[in-house]
Amino acid sequence: MFNKCLLAFEVLILLQGFATAVNYRFEIENEEIMTPCQNQPSNVKDITEFFDMSEIQTKDAGGKIIVSGNLTSKFNFQLTDRIQGTGKVYRYERREWVPSLFSMSVQDVCSVLYDERQHWYRFWTQHVLNVKDIKSKCVLNGTKIIHEQFEVDLNVDLPLVTPAGQHKLVIVIEVVDEFGKVREPTLCFEILGELIRKFK
Ligand SMILES: *[C@@H]1O[C@H](CO)[C@@H](O)[C@H](O)[C@H]1NC(C)=O
Ligand SMILES: *[C@@H]1O[C@H](CO)[C@@H](O)[C@H](O)[C@H]1NC(C)=O
């Protein structure tokens, strides 16, 4: 499944503007895009707990993932809640995952989900067709996010040279109620892939 490389890649690009960019491509390993996080406590769930995935399709077309269809929210979320997200990038090195320099957090995901200045807009939300109808609902239970067919474009410009190879982006999403309490369960998923340096 697809959903959200968003948070994570934002990360990478935040630093842009500092120096000459180095061009990379992130080739997603799993055709379904998202993989459950490993070794999590029982209050941490996978994406399928948060979205009905029965109307979304993803397919690998030779290293590029093509997405089409819809995601319907099953979130335990009220309009007075806030959604916070973090994305951390790890690199696989000597048989273990080690944190990279890239990470980020977003305090209020709903307010910037369809913001054109966000990098996940390019990767994902620009392809949502019914933004007008759903923008104010964010992920209210039952909200259907309708996508045009698109190819996930994971060309990323990094401000520095970083080792290529196997990487993963780990995204954690929490719904915080109006009293500041995190609702259970929490969402965690990973996007595994290969970071490839592009030489022009
Ligand atoms: C997505 O939702 C739209 C509107 O409800 C529907 O017409 C379409 O068939 C759905 N797509 C899939 C792949 O189910
Ligand atoms: C979402 O709505 C469905 C249908 O009304 C309901 O069965 C389900 O319990 C709701 N889920 C949450 C998390 O509120």
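Ligand 2 has Lys74, Phe75, Asn76 and Asn141 around it (a residue is near a molecule if one of its heavy atoms lies within 4 Å of it). The structure is a predicted model, in which local features need pLDDT of at least 70, side-chain atom pairs count only at pLDDT 80 or more, and totals for chains, interfaces and linings use all residues. Residues are numbered from 1 along each chain as its sequence is written, ligands are numbered from 1 in the order in which they are written, and side-chain values use heavy atoms, with hydrogens and water left out.

The side chain of Asn141 places an N or O atom 2.3 Å from an oxygen atom of ligand 2. Taken alone, ligand 2 exposes 360 Å², of which the protein buries 27% (accessible areas come from the Shrake-Rupley method with a 1.4 Å probe).

Around ligand 1 are Glu55, Gln57, Asn70, Lys144 and Ile146. In the side chain of Asn70, an N or O atom is 2.3 Å from an oxygen atom of ligand 1. A polar side-chain atom of Lys144 lies 2.9 Å from an oxygen atom of ligand 1. The protein buries 46% of the 360 Å² that ligand 1 exposes when taken alone.

Strand β7 (residues 82-93) pairs with strand β8 (residues 96-106) in the antiparallel sense, over eight bridges. Strands are DSSP runs (E, at least two residues), numbered from the N terminus, and two strands pair if DSSP finds at least two bridges between them. Thr86 has Ser105 in β8 as its bridge partner. The hairpin of β7 and β8 has two residues between the strands, and Arg94 takes a positive phi near 45° there.

Note on methods
A polar contact is a pair of N or O atoms within 3.5 Å; within protein, one must be able to donate a hydrogen and the other to accept it, and residues adjacent in sequence count only if both atoms are side-chain atoms. Helices (H or I, at least four residues) and strands (E, at least two) are DSSP runs, numbered from the N terminus.
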